[in-house]
Amino acid sequence: MTRRSLFIGVAIGLPTFLIGAALLYAQSITPKPPFTAADAERGAKYAAESLRIRAEIKNMKTPAEPFKIMGNLYFVGVQNGESYLLTSPKGHILFGSAFPDTVDQIEKNIEAVGFHVKDIKVIVVNHAHQDQCGGTAELQKRSGAKVMAGFAEVPFLENGGRLPPGTSIPNNTPPPAGGGGTYPPVHVDRALFDGDVVTVGPLQFTAYLAPGHASSPTSFLYKVKDNGHEYRVLEFCCWEYPDDLSRNTNITEAGVRHNLELFRKLLPIDIYLETGAYAWSGTLNQSSGTLLERMAALKKNNMLFVNPDIFKSWSAAREVEFEQKLIKWKESNPVYRQ
Ligand SMILES: [Zn+2]
């Protein structure tokens, strides 16, 4: 073998070997305890099923029938979800306000389950995308409620989904796809930080920030009681990691590691709610049916919502997915080579 052919052999063979070794390692990644490889495997199936069901939603704003999820918690949103009402005789909390032009639909849904918009004391926003917060300004006007959101969402909310010309947030980006778009600006009364507790009369929820889908999407953890049982409910957004992690500046290794630890801290979650019905524990806890068929089944039997395996196994699957994508990212990101 000549020196030249040896060089070519090494030049071709070494990267191939490294890629092969990385793939082998990626395949063998298991999530850290208490998650198991079996959890991750089930979670990947839930994630795939959720994607499949989501494709059934042709128009996110399609009206949906409201119904009781569990205890004093109601779904009052449109077909893409994201409006939940937690009620009490001393006032209500509205999680998510849907789109700017679905406010009347949300109000109609709230009335249909026996409550009034004027009794909403707090409107809390998961993140500053139009499908989550577009109706907030109008619902604030109709209710006089205080508006709350994760601290890094506030500049977007107060500028209607965009930052004013000439301003910028270092290392930040406009809202990415998935509901980005403008809406009436809304004044935020309280910026939420990790672990903040919000109380309205007898109601209480804890806010947790999980950067990724936006700068500080906020998850809400609370308890509901139904028929003598107490259930831990979580609304979380969002799970996605792009194939190339560098494509989303809200995703960093440190930020995602915070999220992965958060998932462990939140266990067990009895009832999992995403920003849309395509990812509810109640939807994924059914082995077949269209989205609408599954929602209809949930109206008849709300115990279908209860399944602590959904959030646990989905968390495990996302941890494995992130670690696999991180290997690829580290190969191209100079910050990891120092
Ligand atoms: Zn979004």
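The model is predicted, so local features need pLDDT of at least 70, side-chain atom pairs count only at pLDDT 80 or more, and totals for chains, interfaces and linings use all residues. Residues are numbered from 1 along each chain as its sequence is written.

The chain holds ten helices and twelve strands. These elements are DSSP runs numbered from the N terminus, with helices being H or I of at least four residues and strands being E of at least two. Of the 338 residues, 43% count as buried. A residue is buried if 20 or more other C-beta atoms lie within 10 Å of its own, exposed if 12 or fewer, and partly exposed in between, with C-beta atoms placed from the backbone. Two residues are in contact if their C-beta atoms, placed from the backbone, lie within 7 Å. Among contacts between residues at least 6 apart in sequence, 67% join residues at least 24 apart.

Axes here are lines fitted to C-alpha atoms, for helices over the stretch in contact, and angles run from 0 to 180 degrees between N-to-C directions. Two strands count as paired if DSSP finds at least two bridges between them. Strands of a sheet pair through backbone hydrogen bonds, either parallel or antiparallel.

Strand β9 spans residues 203-209. Five of its seven residues are buried. Four bridges join β9 to β8 (residues 197-200), and the two run antiparallel. Val 198 stands opposite Phe 205 in this pair. Two residues lie between the strands of the β8 and β9 hairpin, where Gly 201 takes a positive phi near 55°. Thr 206 has Leu 221 of β10 as its bridge partner.

The largest nonpolar core has 77 residues. Such a core is a set of buried Ala, Val, Leu, Ile, Met, Phe, Trp, Tyr and Cys residues joined through C-beta atoms within 7 Å. Tyr 84, Ile 123, Val 124, Ala 149 and Leu 157 touch the most other members. Helix α10 (residues 308-332) supplies the largest share of this core, six residues. Beyond its neighbours within four places in sequence, Ile 123 is in contact with Leu 94, Ser 97, Thr 136, Leu 139, Gln 140, Ala 145 and Val 147.

Helix α2 packs against α10 at an angle of about 100°, with the axes 7 Å apart. That makes α2 roughly perpendicular to α10. The class covers angles of 65 to 115 degrees; those under 35 count as roughly parallel, those over 145 as roughly antiparallel, and the rest as oblique. On the α2 side, the contact is made by Asp 39, Ala 40, Arg 42, Gly 43, Ala 44, Tyr 46 and Ala 47. Residues contributed by α10 include Asp 309, Ile 310, Trp 314 and Val 320.

In helix α9 (residues 291-300), Leu 291, Arg 294, Met 295 and Leu 298 are buried. They cover an arc of only 100° around the axis, which puts them on the same side of α9. The arc is that of the directions from the helix axis to the C-beta atoms. These buried residues pack against α2 (37-54) and α8 (281-284). The face turned away from the buried side carries the exposed residues Glu 293 and Lys 300.

Several loops show backbone features of note. A cis peptide bond joins Cys 237 and Cys 238, with omega about 0°. Cys 238 lies in the loop between β11 (229-235) and α7 (253-266). Another cis peptide bond joins Leu 267 and Pro 268, with omega about -5°. Pro 268 sits in the loop between α7 and β12 (271-273).

Ala 98 is not a glycine, yet has a positive phi of about 55°. This residue lies in the loop between β4 (92-95) and α3 (103-112). Ala 98 counts as buried, with 30 C-beta neighbours inside 10 Å. Asn 227, also not a glycine, has a positive phi of about 55°. Asn 227 lies in the loop between β10 and β11. Asn 227 is exposed, with 8 other C-beta atoms within 10 Å.
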